[in-house]
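Visitor: I'd like to learn how to read a protein model. Could you walk me through one?

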Amino acid sequence: MEIKMNLTAAPKEKPTDESKLGFGKVFTDHMFVMDWDRATGWHDARIEPLAPLQLHPAATVLHYGLEIFEGMKAYRTAEGKVQLFRPTENVARMNRSAERMSMPQMDPEDMLQAIKTLVSVEKDWVPHGFGTSLYIRPFLIGNDETLGVHTLHHAKYVIICSPSGSYYAEGINPVKIMVEDEDVRAVRGGTGFAKCGGNYGAAQRAGERAETLGYTQVLWLDGVDRKYIEEVGAMNIMFKIDGKVVTPKLNGSILPGITRKSILELLRAEGKDPEERLISVDELIEAAENGKLEEAWGCGTAAVVSPVGWLYYKGKEYEINNGKIGPTTQGLYDKLTAIQWGKTEDKFGWIVPVE
Ligand SMILES: *Cc1c(COP(=O)(O)O)cnc(C)c1O
């Protein structure tokens, strides 16, 4: 794929204090853009100065939610090299999301080339500290200029990058989560497994309610019986119950996280036998009540792992591991981040360098 380069003559000043970056607030100088028409396919791949997008007020994305995205990071090693973690997984998932939404798919090689080229252009924006990263956000929007609901004819693919601080600038502190037994995020047959903006729209209300009550995240139950655990906020969820790591199996309404997949592969490579199965909220609460719920953690690209210290369900709060991060959670965090930030040899072939 040919990528036209239109680089800025006036690069912005890079942030000097990495501890103040936060998440997704600062953006680099450029973005990747490519357009799609049903008649001509993908065309005009380009890297150009980051600027507001011009959209017709009737653009499909603004009315009917045709939007999908990805989230990944570029990591800087102690030697100064820049690398990606399993980017082909993001690329494949983006195409699965596109398929679900009847949006155009892309050549996986082209998608990877676009990501690598943009990160290479923005290399100096990748922060240096362990735990910091350049967050990469590819997204695809429906861009027909008509209010009619019909097959999509125009789309726009964009990638933006945001240097982000360490998720754990203040140490890995366990979070409080609340089981949501009213709203649901997704149902089987719906878009739960797709990384689409609409899923986040549906999740907003419960998230805000939980926050008002002092909980950071919502633990979602299945959309049919509100009985089985699905995921937590924008992360997958794992538990250690009676010595065994268990996580909800992918059922169509859960987002298939790459961090989730990597943790399962790590554990299996260590000869452990994590289970992917249905976990009812009743089983979880019973385990919490008789001391068998040893650890709980969310997992996703942003946080890597996020220990859960307290769980609220039907008027009661349950404490997990005395509100402290447990050894399995800590071990997984250490092993994954060591690979991502290049502190250890990558035996899995997960790392893709950016030249
Ligand atoms: C992105 C996402 C995850 C985590 O996926 P990773 O690939 O591990 O970052 C989990 N749940 C939801 C709803 C997500 O959007």
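Predicted model: local features only at pLDDT ≥ 70, side-chain atom pairs only at ≥ 80, totals over all residues.

Visitor: Is helix 7 mostly covered or mostly uncovered?

Guide: The general idea goes like this: an α-helix has 3.6 residues a turn, so residues three or four places apart point the same way. In this case helix 7 is mostly covered, with ten of its 14 residues buried. Among them are T328, L332, L336 and I339, along with G331 and Y333.

Visitor: And what follows helix 7?

Guide: That's G342, with a positive phi near 65°.

Visitor: Zooming out, how many helices and strands does the protein chain have?

Guide: Seven helices and 18 strands. The radius of gyration is 21 Å, close to the 20 Å from the globule rule for 355 residues, so the chain is as compact as a globular protein of that length. Its C-alpha atoms fill a box of roughly 60 × 50 × 40 Å along the principal axes.

Visitor: What share of the residues is buried?

Guide: Of the 355 residues, 52% count as buried. Look at the contacts too: among those between residues at least 6 apart in sequence, 71% join residues at least 24 apart.

Visitor: What about the surface and the charges?

Guide: The accessible surface is about 16,100 Å², and 50% of that belongs to carbon and sulfur atoms. As for charges, there are 41 positive and 50 negative side chains, with the centres of the two sets 2 Å apart.

Technical notes. Residues numbered from 1 in each chain as written. Heavy atoms only, no water. Helix = DSSP H or I, 4+ residues; strand = E, 2+ residues; numbered from the N terminus. Rg over C-alpha atoms; globule rule 2.2 N^0.38 Å. Buried < 20%, exposed > 50% of the residue type's maximum accessible area, 1.4 Å probe, protein only. Contact = heavy atoms within 4.5 Å. Areas by Shrake-Rupley, 256 points an atom, 1.4 Å probe, with all protein chains shown as cover. Lys, Arg positive; Asp, Glu negative; His and termini not counted. Charge placed at Lys NZ, Arg CZ, Asp CG, Glu CD.
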